[in-house]
Amino acid sequence: MVVLLKKAFIFLFVLSLPLFFPVVASADVVPLQVSAKSAVLMNADDGRILFAKEEDERLPMASTTKIMTALITLETAAVNDKIVTITDKMVRVEGSSMGLRPGDKLSLRALAEGMLLVSGNDAANSAAIAIGGSDQAFSVLMNKRAKELNMTNTHFVTPSGLDDDNHYTTARDLAILAAAAMRNSEFAQIASQKVMTVQYEHPDQTREFKNHNKLLSMYDGCVGVKTGFTKKSGRCLVSCAQRNGIRLIAVTLNDPDDWRDHQNLLDYGFSRLTGYPIDDSAYAVKIPVVGGTADSVVVHGCSGSAIAVESSELSNIKRTVELPSFLYAPVEEGQTVGCVRYTLDSQTLATTELVAAGPVTQGKTNKNLFQKFMEWVNNLF
């Protein structure tokens, strides 16, 4: 009897525990916290904002400015990677430096490497003068490019990011810029390097530089982008990381704990998104050809890159084949004749091309359009 009473007491005690110790909510309902004055986490594929804090507040951005300077420099170098002779005016700039001296000669790409790795203000100033004629004229190019990217709350004054009351951006705009820059293959290649050897044309030498972006070593999948600091701006950081076809951009402005905050932001983004593969290479169909030596042509699909979406959205993605009912000859091999479109809530997420598998030249045929159309219908089934 005593044993039964003890068991009953223990049972009732266990049942009553939630009354005294309420169940704590799971960690995923706790809002993400960052120390930054302003922050953004963006899906680089479609520009969707996953997290934001004062994302449209205009703030100084220090050397993250060089994302724009390096992008314009590399876009210019792609057309003409001229050799720049360094002048006294070019290196007469305070702050971080790649150690340029008057008389040095190096390419625009090498200057971009110096900006992105060691945040060389001398490299940024040299490229600006070489491209625009002066840093003031170069700022016009920077603001023009910002307008093209729809960076509506940004204004550039200096190529290096030194403080100026009229030199500002927002976390949102900086994320837009970083996403565009990382689509430039040369920029992305440089920004992802922990160490680079920069070639000088004169004197004939190479110099090794280490990237200031510690996240490249601290965070799995980090592939860029740029650090920045002045007393006025505080610590500024733009990062990019990719995993399993998902690419994220994180931005913090005036953040005393930026390394930790970026890791938390990126972890949060990867936990929310999943990769959705885009591959239509197995798709093939015949469509009629009018006025050709062949009655039809095989059209096949292509593969594409994975897109990042939230797990809850997977079932709502729609795949639509867009093809004309028939084609007019001539049709060239590899000619794009349609596409496969992937949409979510009427927004296009991705497309792949549908191309002709072979050529069809112009010529006479005995079948009329109706006969060709019926043949195409029969081929569908």
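User: Let's start with E1, residues 38-43. Buried or exposed?

Analyst: Buried. That goes for 6 of the 6 residues, so the rest of the structure largely encloses the strand. Keep in mind that this is a predicted model.

User: Which residues sit on which side of E1?

Analyst: Ser38, Val40 and Met42 are on one side, while Ala39, Leu41 and Asn43 are on the other, and both faces are covered. In a regular strand, side chains alternate between the two faces of the sheet.

User: OK, and what does E1 pair with?

Analyst: There's strand E9 (residues 246-253), running antiparallel to E1 and joined to it by 6 bridges. Strand E2 (residues 49-53) is also antiparallel to E1, with 4 bridges.

User: How many residues lie between E1 and E2 in the hairpin?

Analyst: 5 residues, and Gly47 in that turn has a positive phi of about 80°.

User: Switching to helices. At what angle do H4 and H5 pack?

Analyst: About 145°, with the axes 8 Å apart; H4 covers residues 108-118 and H5 covers residues 121-132. The crossing of H4 past H5 is left-handed.

User: Which residues make that contact?

Analyst: H4 contributes Leu108, Leu111, Gly114 and Met115, and H5 brings Ala123, Ala124, Ser126, Ala127 and Ile131.

User: How many of those are nonpolar, polar or charged?

Analyst: The H4 contact with H5 has 7 nonpolar residues, 2 polar and no charged.

How values were computed. Residues numbered from 1 in each chain as written. Predicted model: local features only at pLDDT ≥ 70, side-chain atom pairs only at ≥ 80, totals over all residues. Heavy atoms only, no water. Buried < 20%, exposed > 50% of the residue type's maximum accessible area, 1.4 Å probe, protein only. Helix = DSSP H or I, 4+ residues; strand = E, 2+ residues; numbered from the N terminus. Pairing = 2+ DSSP bridges. Axes fitted to C-alpha atoms, helices over the stretch in contact; angles between N-to-C directions. Left-handed = near helix turned anticlockwise from the far one by under 90°. Contact = heavy atoms within 4.5 Å. Nonpolar A, V, L, I, M, F, W, Y, C, P; charged D, E, K, R; others polar.
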